[in-house]
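Grab a pencil and work through the exercises below with the model open beside you. Each one sets a task and then walks through a solution.

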Amino acid sequence: QVQLVESGGGLVQAGDSLRLSCATSGLTSTSYTTAWFRQAPGKEREFVAALWRNTGRTYYGDSVKGRFTISKDKPKNIVYLQMNSLKPEDTAVYYCAADQGLILSSLTTSRQYDHWGQGTQVTVSS
């Protein structure tokens, strides 16, 4: 059974940094792609970053390139999202997601992911 539990959200000021964690269990092979999405009030869920299965290659949404970094601590089974130079528009609930059978063209499509965490709120004040 796959479980994803996010933590690390909070209230920060513009320009600050924050690191989100996604504790994973049940991802029994390297064939899972893990990703971060976010959703602001009244908006659709937005792709943030992903670690592609097997290779661990990283992908980022245009709005966070150069500021956010996704990584994985394999022994601890934790996926991190390091967020630097935060902006008020980064305010959202951040979700961790995972899927085993994802194809690359569906990487940024939230409905293609089978497993989700409960989300963690990130609020960036100006």
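**Exercise 1: the largest pocket**

The largest pocket holds about 310 Å³ of space. A pocket here is an open set of points on a 1 Å grid over the protein atoms alone, where a 1.4 Å probe fits, with protein on both sides within 12 Å along at least five of seven lines. Its volume is the space filled by probe spheres set on the points, with grid points joined across faces, edges and corners.

Before going on, a word on the ground rules. This is a predicted model, where local features need pLDDT of at least 70 and side-chain atom pairs count only at pLDDT 80 or more, while totals for chains, interfaces and linings use all residues. Residues are numbered from 1 along each chain as its sequence is written, and side-chain values use heavy atoms, with hydrogens and water left out.

Task: find which residues line the largest pocket and sort them by class.

- Step 1. Lining residues have an atom within 4 Å of a point; 16 residues line this pocket.
- Step 2. Those nearest the pocket centre are Thr-30, Tyr-32, Asn-54, Lys-72 and Lys-74.
- Step 3. The lining splits into nine polar, four nonpolar and three charged residues. Ala, Val, Leu, Ile, Met, Phe, Trp, Tyr, Cys and Pro count as nonpolar, Asp, Glu, Lys and Arg as charged, and the others, Gly among them, as polar.

**Exercise 2: the rings**

Task: count the aromatic pairs and look at two of them.

- Step 1. Rings of Phe, Tyr and Trp (its six-membered ring) pair if their centres lie within 6.5 Å; planes under 30 degrees apart are stacked, over 60 edge-to-face and the rest tilted. That rule gives five aromatic pairs.
- Step 2. Phe-37 and Phe-47 pair edge-to-face, at 5.7 Å centre to centre and 75 degrees between the planes. Phe-37 is in strand E4 (residues 33–39) and Phe-47 in strand E5 (residues 46–51), so the pair ties together parts 10 residues apart in sequence.
- Step 3. Phe-37 is buried at 0% relative accessible area, and Phe-47 is buried at 9%.
- Step 4. Tyr-95 and Trp-116 are also edge-to-face, at 6.3 Å and 80 degrees. Tyr-95 sits in strand E9 (residues 92–99) and Trp-116 in strand E10 (residues 115–116), so this pair ties together parts 21 residues apart.
- Step 5. Ring pairs link Phe-37, Phe-47, Tyr-95, Tyr-113 and Trp-116 into a cluster.

Conventions
Helix = DSSP H or I, 4+ residues; strand = E, 2+ residues; numbered from the N terminus. Buried < 20%, exposed > 50% of the residue type's maximum accessible area, 1.4 Å probe, protein only.
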